[in-house]
Amino acid sequence: MRNEFLLLLFIFGIYNGQAQELPPVVNFGPNLYSAGNQNWMIDQAENKNFYFANSTGLLEYNGENWNLYPVPNNTIVRSIKAIEDRIYTGAYMEAGYWEKNELGILEYTSLVPKFDGGIGDGEQFWDIEFLDDLVIFRSFAGVYFYEPLKNSITKMENPRGKPVSGIFKLNNELYYQLVGDGLFKIKSGTSQLVIPEEELEGVTITHVYFSEDELCIISGKTRFFIWKDASLKKVIKPVNNDLGYPNILDVVDLPNGGMILGTVGKGVVEIDASGNVINTFNQENVLLNNTVLDLLLDKAGNLWAGLDYGISYIDLNSTFRSFLDNRGEIGSVYASYENNGDLYLGTNQGLYLKNADSEKFKLIAGTNGQVWFIDKIGDKIFCGHDNGTYIIAKDKAVKISDRLGTWLVKAYTNNLFIQGHYNGISLLRNNGNSFEVLPMLKNFPHSTKFLEIDENLDVWVSNEHKGVFRIRLNDSLNGYKEIENYKFPGESGITSSIFKFNDTLYYSSKENVYQYNRELNQFSVDNQINKLVSEYPRVSGKMVSEKENIKVWGFAPKGIYSIQPAPLKNDYSLDFTFIDEEFRNIAIGYENVNSLEAEGYLLGVANGYLKFNEKDKVPGEAEVTLDKIEVSALDASARKVNLEKPGSFKFRDNNISFNFSTPVHDKYNKALYSYRLLGLSPNWSKWGNSSVVKFENLGFGDYTFEVKAKIGEKVTESVEYEFTIARPYYLSNLAILGYVFVFGFILYMVHILNKRHHRKTIADNEKALRMKNLEAEREIIKLRNEKLEQEMANKNRELAVSAMSLIKKNEFLTNIKDKLKTSGDSAKVKSVIRTIDKDISEEDNWKFFKKAFSNADKDFFKKLKSKHPDLTSNDLKLCAYLRLNLSSKEIAPLLNISVKSVEIKRYRLRKKMNLDRETNLTEYILAL
C-alpha cells in the first residue's frame, strides 16, 4: 500500500528537487584535457593562460588548447604559482620553474641543486607564494625562500623542527602554521607568534582573513573562528546549519565579502559575508566531482575549481542563471509565466509551480501531460494543455474546456476568449462564475498554433501547410461569414508563425518576415524587420512578441535576439544575446522566451530553463595570441618554429599550420576567429570557432598571416606573423643565372645555326637558281639542239635528196650511155657519151654535194682527217657517202664506177683506217 502511495505521489505529486538557479558552469574532464584526474592547484599567468598542478605534470590551458608538461621525475605536481613569465611548480622531491622558449614551448629549470643540503627524502612541496620579490616554497619539512635575482635558496629557521601545515599570504604578510606550535607571521624577516597552540587546540588552519579588522580563521572542518582579545572564539555560521562541518581544502574570498568553500564530498559552496549558503555546486547538479582540491578566482572574477576528477569553471559574474533538470523530473520547458514571484513552468510533463517563498518545484495536480501555454489574460491565468484548457489559481488547476489540444488562448472581447486547437478554433464565454465553451468553428479544421486579433475583430491564423487565414466570425460565433487565404509560394511554412508588433501584423517563415499591408491587402518582404533579421540565420520561423507589442524575439543558431523601436528615430534596433543552440536544444518551432516581473527573461530549454538579462556583462579586453606555428615538408613530420621573429623556410617546407587562442571562457559566448594569408589572398575568412588553420603547398614568396578574434560583437586587434618561403633550388639566383647563361648560349647557338641555316638557304637558293638557270640553259640548248637537229635533218633530207638526185641522174645518164654504146659507134654517139661521162664526173656536182654535206655535218671531215690524216679526197668522198648510209650500189653511180670497184674502194679504206674485221666500216663512220 505504501509503495502504491509513493507511486501516486510521483505521478501526481511533488517534485522535491532543489530548484537551484546557478551561474554558468563549464566542466573539463580528463578525457578532454588528456591528463590525470586530480588537479591540486590552479593559477593564471599574466597572459591570461591557466596552469594546473595535475597528477601527471604541469597542465596548460590557453582558452582553446591543452598542453601537458611532465616534471623530470614524472611525479605528481602539488603546487603552482605564475610569476611574471615564469611558472613555478612543486612536486615530489622536485621544485623549479618553467619558461617559454622561442617556439612557445615551456622548458623546465630545476632548483633542486640550489637547496642547501638537498631535499629531504620523500619531501613534497604543497604551497608556493610570492612576496617581496621572493618565491616561497612550502613542504611539511619547512619553508624555503628563492630569490630569483641571486638564484639562491634559503630555508626559514625552524628550531623545533615542527611540520609546517600551511602558509597564507594576507595583507602582504606571510603567515604559517607549525603543527603543535601555533600560527606565526613573518615580519621584518623575523617570525612572530600570532595564535598560540593553546588557543588552536590542534585546529588545522585552511584559510585566514580579516573581518572588521579582526583576524579570522577557517579550519579544515569548516569551523569559523575569530581571534579577538587574545582569545580564539568559535563562530557558528548558517552554512554549518545547512551543510554541517565538511572537510574543506581551500577557501577564496569574494570582493563582496562572501566566500567560496572547496569541500570534500559537498562540492563548491558559495556563502555570503554572514555565512548563508548562496549556491551549492556539486555532482548532483553541475560538477564532475564533489571533492574540491583547489580554488582560484581569476583576473576576471571567475571561479576555477581543481577537482579530484577534472576541472570546473564557474562564471560568478554572469547575469545568466540556469536551472538544469538533469534527472528529467520536470522535462522540457515550452511555456513560462511569473505571477507575484510565483513561477509557473509548462513542460512536456505538466504544469509546475515554484512559489516565491520556496526553492522547490511541484507539479500542479491534474496537469500531468504536455503543456503548451501559460499566461495571464485579464485577471485569469490560462493554461493550454494537450487535453484541454485550464484556469490556474495558485497551485490549483480547474479544467474549463476539454477540447483536444489547446495551443493558446487569447482575449477576443471583454468576456470572450478565443482558443487555438490541434483541429481548429473555438471560443470561451466568461459568464462571471463559470466559462461557457462555444462550439468549434465550422468548416475550419486546421491546426491553429498561432493566431492574432486585429482591430476589426478579424482572426488571423498561421498554418504550417496552408499559409495565413483571415477569418471574420459570424454573429453566432460558431462559423465565419468571410475567410481569405494568403499563400506564400516558394516558402516552407514549417515552424512559421504570425505575430503583432508595434500595432502591425507580421508573418514569419524561416527565410523571411512578411509585413501585412492593409491598403494592398497583401504581405510583403519589403519591411524594416525583415532587413534586420536577414543578417542572421534563423533556426525556425517562430518569433515571440511580448505583451503590449513592445518587443519581439527571434532565434538564431548562435543566440537569440530582440527587436524593439529605436528610441530616437523611426526605425528598429536589434540586440543579440549569445546563447548557442547547443545550450537551448528545445524542439525547433517551440522556442519560447518570457519576461520576468523584476528584471530579465526566462528561456525554456530541453532540460530546464535559463534566466538572463539583456544587459549582461560586456566581454572584457581580450587578445588573440599565436601559440604555435609548425612547418613541414610533404608527408614529413612537422617542426615548431620561432614565434618571436619572422620565419624563413625552405621551399620544401611549404606546409604551415597556425595555432591561436583567446583566453575567453564564457559558456554561452565562444570566441570566433577570422584569418587571412597576405601573399595568398587579401580576403578575411568567415568567422569560425576553429583555432587551427593549415596552409599546404604554398608557393615561394613573402607572406603575412593575420588572425583576429570576435567575442560577441567585439572584435580584437589582429596579430600577424611574417614569413618567407625560399625559392626552390631550380629557381634560386644561381640557378636563374645558370638559366640565363644557358638561355643566352641557346640564343647564341640558335643565332649561329640560324646564320648557318640562312647561309645554307642562300646557297641552296643560289644553287637552285643556278640549277634553274642551268635547266633553262639546258632547255635553251635543248631547244637549240632540237632546232639544229631539225635544221640538220632538213639539210640531211636536202643532202639525201641531192644525193639521190645525183644518183638518179647518174643512173639515168649511165643507162643512156649504155644504150648509146649498143646503138653504134658514130662520132655523134661518142660525142654524147663523152658529154655524159663528163656530166657524171663533174667536179661541180661534188663541190655542191660537199658543201651540202658540210652544212649538215660540219666537223665530220675535220674529225675524219684528224683521226686518219692519210685519206685522199676520193677516200673522203667514199666516207661522205658511207656517212649518208648509202649502199655500194648507190655509191657506184656517184663515183661513176662499178659496184665492184666500190667494194674494192671500201676494202682499201678499211686498210687505211686500220679497222679489224669485226668493225663494220659504215657503223664506224656513222659513230664519228
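This report walks through a few local features of the predicted model, from a loop proline to a pair of helices.

## Ground rules

The model is predicted, so local features need pLDDT of at least 70 and side-chain atom pairs count only at pLDDT 80 or more, while totals for chains, interfaces and linings use all residues. Residues are numbered from 1 along each chain as its sequence is written, and side-chain values use heavy atoms, with hydrogens and water left out.

## A proline in a loop

Let's start with Pro148, which sits in the loop between strand 12 (142-147) and strand 13 (152-155). Helices and strands here are DSSP runs numbered from the N terminus (H or I, at least four residues, for helices; E, at least two, for strands). Pro148 has 28% relative accessibility, so it counts as partly exposed. On that scale, buried means under 20% relative accessible area, exposed means over 50%, and partly exposed is in between (1.4 Å probe, protein chains only).

What does Pro148 contact, leaving aside its neighbours within four places in sequence? The partners are Arg86, Tyr88, Asp133 and Val135, with contact meaning heavy atoms within 4.5 Å. Val135 is 13 residues from Pro148 in sequence, and their C-alpha atoms are 7.7 Å apart.

Next up is an open sheet of four strands, in the order 14-15-16-17, with antiparallel pairing. Two strands pair if DSSP finds at least two bridges between them. Strand 14 (164-170) and strand 17 (190-196) are at the edges with a single partner strand each, so one side of each has no neighbour in the sheet. On average, neighbouring strands of this sheet are turned by 25° against each other, direction ignored.

Within the sheet, strand 15 (residues 173-178) and strand 16 (residues 182-187) pair in the antiparallel sense over five bridges. Leu174 stands opposite Ile186 in strand 16.

## Rings and charges

The whole structure holds 70 aromatic pairs. Rings of Phe, Tyr and Trp (its six-membered ring) pair if their centres lie within 6.5 Å; planes under 30 degrees apart count as stacked, over 60 as edge-to-face and the rest as tilted. Tyr486 and Phe523 make an edge-to-face pair, at 5.4 Å centre to centre with 85° between the planes. This pair links distant parts of the chain, with Tyr486 in strand 45 (residues 480-486) and Phe523 in strand 49 (residues 522-524), 37 residues apart. Both Tyr486 and Phe523 are buried. Tyr729 and Tyr730 are edge-to-face too, because their ring centres are 5.2 Å apart and their planes are at 80°. Tyr729 is exposed at 70% relative accessibility, and Tyr730 is partly exposed at 39%.

One aromatic cluster includes Phe649, Tyr673, Phe695 and Tyr721. As for charges, Lys708 has its charged end over the ring of Trp684, 4.1 Å from the centre, and Lys237 lies over the face of Phe224 at 5.7 Å from the ring centre. A charge sits over a ring if NZ of Lys or CZ of Arg is within 6 Å of the ring centre and within 35 degrees of the ring normal.

In helix 12 (residues 888-895), the buried residues are Ser888, Ile891, Ala892, Pro893 and Leu894. Asn896 follows helix 12 and has a positive phi, near 60°.

How do the axes of helix 12 and helix 13 (residues 899-913) cross? They come within 8 Å and cross at roughly 100°. That makes helix 12 roughly perpendicular to helix 13, the label for angles of 65 to 115 degrees (under 35 is roughly parallel, over 145 roughly antiparallel, the rest oblique). Axes are lines fitted to C-alpha atoms, for helices over the stretch in contact, and angles run from 0 to 180 degrees between N-to-C directions. Among the residues that meet are Ile891 and Leu895 in helix 12, and Val899 and Val902 in helix 13.
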